[in-house]
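Hello,

Here is the structure I promised to pass on. Please look it over, then read my notes below.

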Amino acid sequence: MGDKETLANFIKWGTEKYPAKRTMLVIWNHGQGFRVAPGMKDTHRSVSSDDETGNIIFNSDVAAAIKTALGSKKLDIVSFDACLMAMIEPAYELRDRAKFLVGSEELEPGDGWDYGFLANLAKQPATTEAQALGKWVVDSYKAYYTNNPSGHTTLSSIDLSKTGLVADALDAVTESLTT
């Protein structure tokens, strides 16, 4: 799971074997969108850790795997059933590889997603746009954890075409605070 070549091969296989007008990639497992691990100086920017090998896929590797598999074509949605992946860092990294990012800004409960949104998708597979599917994922997650409380949860669908504007604004705020 923690290998960018495996991810690229999977994306290529999936898009060739099952061609579609719209595509969504779901990456599951532990996520470390961007954080400094307790007791460490280094930051972690990764997802999909392989418990057997210890390998991880860095955010830049996710973007590279999509580019390797699809060239300049974008996925409609890159989603993470993983903790800490709806941050500006993963969004910025993926802005040229997908239209939307779906993920949690915080830690996800151990159950992760329940995938109830697939029922809506099955009813309207040909007409569902990426923005609507992203909303269904978020709404399904919210409904699941409202009915099965696990404490505080977050999940969002991010329009990656706006990521550059957010990054520029963040740079401006950072600059004003450091001068």
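The notes below go through the sheet, the helices, some loop residues and a surface patch.

First, the ground rules. This is a predicted model, in which local features need pLDDT of at least 70 and side-chain atom pairs count only at pLDDT 80 or more, while totals for chains, interfaces and linings use all residues. Residues are numbered from 1 along each chain as its sequence is written, and side-chain values use heavy atoms, with hydrogens and water left out.

Four strands form an open sheet in the order 1-5-6-7, with mixed pairing. Strand 1 and strand 7 (156-159) are its edges, each pairing on one side only. On average, neighbouring strands are turned by 20° against each other, direction ignored. That angle is taken between axes, which are lines fitted to C-alpha atoms (for helices over the stretch in contact); angles run from 0 to 180 degrees between N-to-C directions. Strands (E, at least two residues) and helices (H or I, at least four) are DSSP runs, numbered from the N terminus. Two strands pair if DSSP finds at least two bridges between them.

Strand 1 and strand 5 (residues 75-81) run parallel and are joined by five bridges. Valine 26 stands opposite serine 79 of strand 5. Isoleucine 27 has phenylalanine 80 as its bridge partner there.

Side chains alternate along strand 1. Leu25 and Ile27 point to one face and are buried.

**The helices**

Helix 2 (residues 59-70) has twelve residues. Its first and last C-alpha atoms are 17 Å apart, close to the 16 Å expected at 1.5 Å a residue. The expected span is 1.5 Å times one less than the number of residues. Its buried residues include Val62, Ala63, Ile66 and Leu70. Just after helix 2, glycine 71 takes a positive phi of about 70°.

Helix 5 (residues 130-147) holds valine 137. Valine 137 counts as buried because its relative accessibility is 2%. Valine 137 and valine 78 are 59 residues apart in sequence and 12 Å apart in space, C-alpha to C-alpha. Tryptophan 136 is also in helix 5. At 17% relative accessibility, tryptophan 136 counts as buried. Tryptophan 136 and glycine 116 are 20 residues apart in sequence, and 8.6 Å apart from C-alpha to C-alpha.

**Two loop residues to look at**

Most residues other than glycine have a negative phi. Leucine 84 has a positive phi of about 60° although it is not a glycine. Leucine 84 sits in the loop between strand 5 and helix 3 (88-94). Leucine 84 is buried, as its relative accessible area is 8%.

Tyrosine 115 has a positive phi too, near 65°. Tyrosine 115 lies between strand 6 (98-103) and helix 4 (117-123), in a loop. With a relative accessible area of 28%, tyrosine 115 is partly exposed.

**The surface patch**

Which residues make the nonpolar surface patch? Phe10, Trp13 and Tyr18 do, over about 380 Å². Patch residues have over 30% relative accessible area and no salt bridge; like charges are joined within 9 Å, and nonpolar side chains (Val, Leu, Ile, Met, Phe, Trp, Tyr) within 5 Å. A salt bridge is a side-chain nitrogen of Lys or Arg within 4 Å of a carboxyl oxygen of Asp or Glu. Accessible areas come from the Shrake-Rupley method with a 1.4 Å probe; for residues, only the protein chains shown count as cover.

Tyrosine 18 is in the loop between helix 1 (4-17) and strand 1 (24-28). Tyrosine 18 counts as exposed, at 53% relative accessibility.

Best wishes

Conventions: Buried < 20%, exposed > 50% of the residue type's maximum accessible area, 1.4 Å probe, protein only.
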